[in-house]
Amino acid sequence: MAQSLELLLIQFLMPDNDARRQAEEQIKRLAKDPQVIPALVHHLRTAKTPNARQLSAVLLRKKITGHWGKLSPQVKQSVKSALIESITLEHSSLVRRASSNVVSIIAKYAVPAGEWPDLLPFLFQCSQSSQEDHREVALILFSSLTETIGSTFQAHIVDLHPILLKCLQDESSSRVRIAALKAVGSLIEFTNEGTDVVKLFRDFVPSILNVSRQCLANGDEDVASVAFEIFDELIESPAPLLGDSVRSIVQFSLEVCSSQSLDLNIRHQAIQIISWLAKYKASFLKKHKLVVPILQVMCPLLTETISGDEDSDLASDRAAAEVIDTMSINMPKHVFPPVFEFASLSYNNANPKFREASTTALGVISEGCFDLLKGRLENVLHIVLTSLKDHEQMVRGAASFALGQFAEHLQPEILSYYSTVLPCILIAIEDTSEEVKEKSYYALAAFCEDMGEEILPYLDSLMGTLVASVQINQRNLQETCMSAIGSVAVAADKAFIPYAEKVLELMKSFLVLTNDEDLRSRARATELVGIVSLAVGRERMESILPPYFEAALSGFALEYSELREYTHGFFSNIAEMLGDGFSQYLSHVVPLVISSCNLDDGSAVDIDDSNSIDNGFGGVSSDDDTYDEPRVRNISVRTGLLDEKAAATQAIGMFALHTKKFFAPYVEELMKILVRHSTYFHEDVRLQAIISLKHVLAVVQSIPAEHFDVAERQREILDTALNIYIKTMTDDMDKEIVAQACLSVAEIMKEFNYAAIASYIPRLAEATLMLLQEESCCQQVDSDFDNEDGEVDHDEVLMDAVSDLLPAFARAMGSSFEPIFAKLFDPLMKYAKVPRPSPDRAMVVACLAEVAQEMGAPFSSYVDRVMPLVLKELSSPNATNRRNAAFCVGELCKNGGTTALKHFGDILRGLYPLFSSSEPDDAVRDNAASAVARMIMAQPQSIPLDQVLPVFVKALPLKEDYAESLSVYGCLCKLILSSDPQILPLVPEVVKVFAQVALSPFERDDVKAQIGVAFSHLVSGYGHQMQPVLGALSPVHANSLAALANRR
């Protein structure tokens, strides 16, 4: 075989394609025989040309796996010896590398089986050789071996450390330094969290940086990029490998990304390192005070522009904006001051790129720094609105973008500036620049959606401009314009009716578009029809809906993911509009939902087979018995399909919510989808599954359980839902999804009888405890950094949802909740301690109030521990905190029994300022009145009524928080019905309050009924004395009170 194989190798290397093809076929045939291995080894050592020797090694790598187990021990030994000789004696670097790859494949099987004990000692010896070639190939082989026996090196890291460190610092050979750099990178994933190992890897960083700087100085950017790959691995490693080296890594990355002489690729890699640190190791950046230095580079990078022939995805300004965005989300308090300073200094800069960057930066941080921006809204709006009038198009475009971001993320505070902002946007949508127009429509859409009735004065002007623009503008502007019309419709609600007919008529021409380039416009039109339908209502839309529905169905067949996504949104809106009337369409739309949910995601796996040294040898790698395991380099996902799946999953919930019992026939199949999607890899799909699951559960539970199998199935679905929610609470990595699971569980506990959920209470309580202790998966912080500065960083939305669970437990369990609450109490109270922010304390106080309300008397044992916090919050500068504290003291007094009595004096002193004219918030005053009412009802003998009642009555009627009406007016009525001597002098004022309540459209009938009884008592008991009181009332008020009295 050896002789014939030699000829075939020579023939394969000929330039004649036919000769090459024939040789390849013959080689494939010979390769089925295990004896091909020693034959190839022979040629690896003896072939005259380097190409032939390299080809022998490449073929060996491809065939060794299939034949290794069939070789005798003697042949195996000869193969290993020949490979070692090739590595050490071969003159060609390409052949040495190809031989190293073969060693790596054999080692995968031989080393774990103990068949190659001298391999690692050989490598250690070779890496310390005086010969440059030996040191280089040893390091290359180290890198190669990590792909097959990487875990073996864990026991040798300490021995490898000085060797690799020495090679990284090898002054005599850049090749050795580069090979050492790659070897270090390949070893990272096999490190553990042992202290010694962590220190060793941190020692490498200075040398890695030195090698990288040398490579960049020599123009070898491809090698320097290996350093960034290593830093990427360090950041993502579960072992705490960064340590203090983060400072030097950031410094190097900033040097690279700010150097305009370097290639875009390497600069982009450097920016990505900063981005990953901001996302995954934000605490490091804060600890080492790196936030400001980073932003001092990133903000100016926003001024960079690239030439037309460069890849815009690598543009430094775009990448810098992503970094600033990520930083603002993960550390808003640290990011806002330097970005605001940059914007304040740059918006009047003579250079338009800096003016553009100033408003871009403000827009970019609006999602993460929303709270801080709200506090400086007047200042930032001045910057942005000034920029909106700039003579440079790029600046006006950035300002339009920033306004859209503000409108999206700074709600509701931004709406108070509508009279200033909206006219500016209306001017901007008439801009001569198409880009400014498009971004202005986006800003208009984001701004208008939440305006409500404030939009009405602008409605005619807005709709005139928007309707005209839809008819004459190009496609991209038409699309953003349609989005703006949708937002106007949402805000205007029924006031949109006069414009609906014209808009719907215009949409007909878009709903028949079939060219690929027009389908995005058709998608927007489909969405808009659904929004308009919802705004104007069922009465006007139901009869004219069929042709629009048919158009939506026909669009589904056009195989355009975004159109399908928006069509699912259309179906959801129509379901909400029609309610159970949508049941006639379920048979048409449910199969479409299922189709979208079952689509292949289109995940594309990019295989890295870079270890193959092709050089024209690619044809030999396609044999069927190739057993190599190439590395997965990257996974990309077609996000359009993910959006479609998320929209379809959301539609399931909307159909269930609005069609109720008519949805029942589809439950079985759609439940399977929701269960599958509850653990889907993408958070948008998981979120919609978690929301929809609750709606489907409600449908199932509404079915009359007349038969055992129905009741049993109801129980199974409840079990499925609760198991999913509990797993989500503890295991999901996304805080928004976990928050939604908590809200769903709270609703289930409210809607189901205790017996149905009793068996789940221990697990739900345990999951709640994990969340309060910030130990669930979504709350994990950096493994290699303790929060030494005491800074609090948690998701307010998540913790608000978690705090809703405790009252839900109490509502379901009543006084039986106390043993569970005892375990949750201290973790909850942690959120009220310094340095927790004001919203955390508001959350805790509200939670305590609701638990006391539902748990009742057992809460008395917590009164003394809770009262200092609540009394302090009564004087908080934040209105929400004062309101919650007032509500809470009322519940503590009501349910605290004798334990609360000793605090009554302090409570009254704390509540008194809330009744004064200096209290600006009506809801705070209403809750203070309710607290006093509860105190009087609980312990009337302990209240100085002669001092309290005049202040109490003067604060009435309630002006905002009508949920407190029953307690407040119930207290007044009780005092009157008992003819309490302290209330009688206040009867004229009380009757005026009763009259206003009788006329109020916001008050409940049962409250008014109570007042009617109390008023009748006054009239019957004090008729003569009541005459002047009634005479002082207006006829309308007097008649309303009389009507209430006559209802008895």
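Predicted model: local features only at pLDDT ≥ 70, side-chain atom pairs only at ≥ 80, totals over all residues.
Side chains of opposite charge can pair when their charged atoms come close. Across the whole structure, a search finds 43 salt bridges. One of them joins the side chains of arginine 396 and aspartate 431, at 2.7 Å from N to O. Because arginine 396 lies in helix α22 (residues 393-409) and aspartate 431 in the loop between α23 (418-428) and α24 (434-448), this pair ties together parts that are 35 residues apart in sequence. Arginine 396 is buried, with a relative accessible area of 12%, and aspartate 431 counts as buried at 12% relative accessibility.

A further salt bridge brings together the side chains of glutamate 891 and arginine 934, at 3.1 Å from N to O. Glutamate 891 is in helix α44 (residues 879-895) and arginine 934 in helix α47 (residues 922-938), so parts 43 residues apart in sequence are tied together. Both glutamate 891 and arginine 934 are buried. Elsewhere, Arg96, Arg97, Asp133, Glu136 and Arg175 are linked in a network of salt bridges.

The surface also has patches. Asp371, Glu796, Asp800 and Asp804 gather in one of negative charge. Helix α40 (residues 796-813) supplies the largest share of this patch, three residues. Glutamate 796, which is in helix α40, counts as partly exposed at 37% relative accessibility. A nonpolar surface patch of about 290 Å² is made by Leu7, Ile10 and Met14. Isoleucine 10 sits in helix α1 (residues 2-12) and is partly exposed, with a relative accessible area of 44%.

Isoleucine 485, by contrast, is buried, with a relative accessible area of 1%. This residue is found in helix α26 (residues 475-492). Its C-alpha atom is 9.3 Å from that of tyrosine 441, 44 residues away along the chain.

One stretch carries an annotation. UniProt, in an unreviewed entry, lists residues 23-89 as "domain: Importin N-terminal". Over residues 23-89 the chain is 81% helix and 0% strand, and the end C-alpha atoms are 29 Å apart.

Note on methods: Residues numbered from 1 in each chain as written. Heavy atoms only, no water. UniProt positions renumbered as here; feature names shortened; annotations may be inferred. Helix = DSSP H or I, 4+ residues; strand = E, 2+ residues; numbered from the N terminus. Patch = residues over 30% accessible without salt bridge, like charges linked within 9 Å, V, L, I, M, F, W, Y side chains within 5 Å. Areas by Shrake-Rupley, 256 points an atom, 1.4 Å probe, with all protein chains shown as cover. Salt bridge = Lys/Arg side-chain N within 4 Å of Asp/Glu carboxyl O. Lys, Arg positive; Asp, Glu negative; His and termini not counted. Charge placed at Lys NZ, Arg CZ, Asp CG, Glu CD. Buried < 20%, exposed > 50% of the residue type's maximum accessible area, 1.4 Å probe, protein only.
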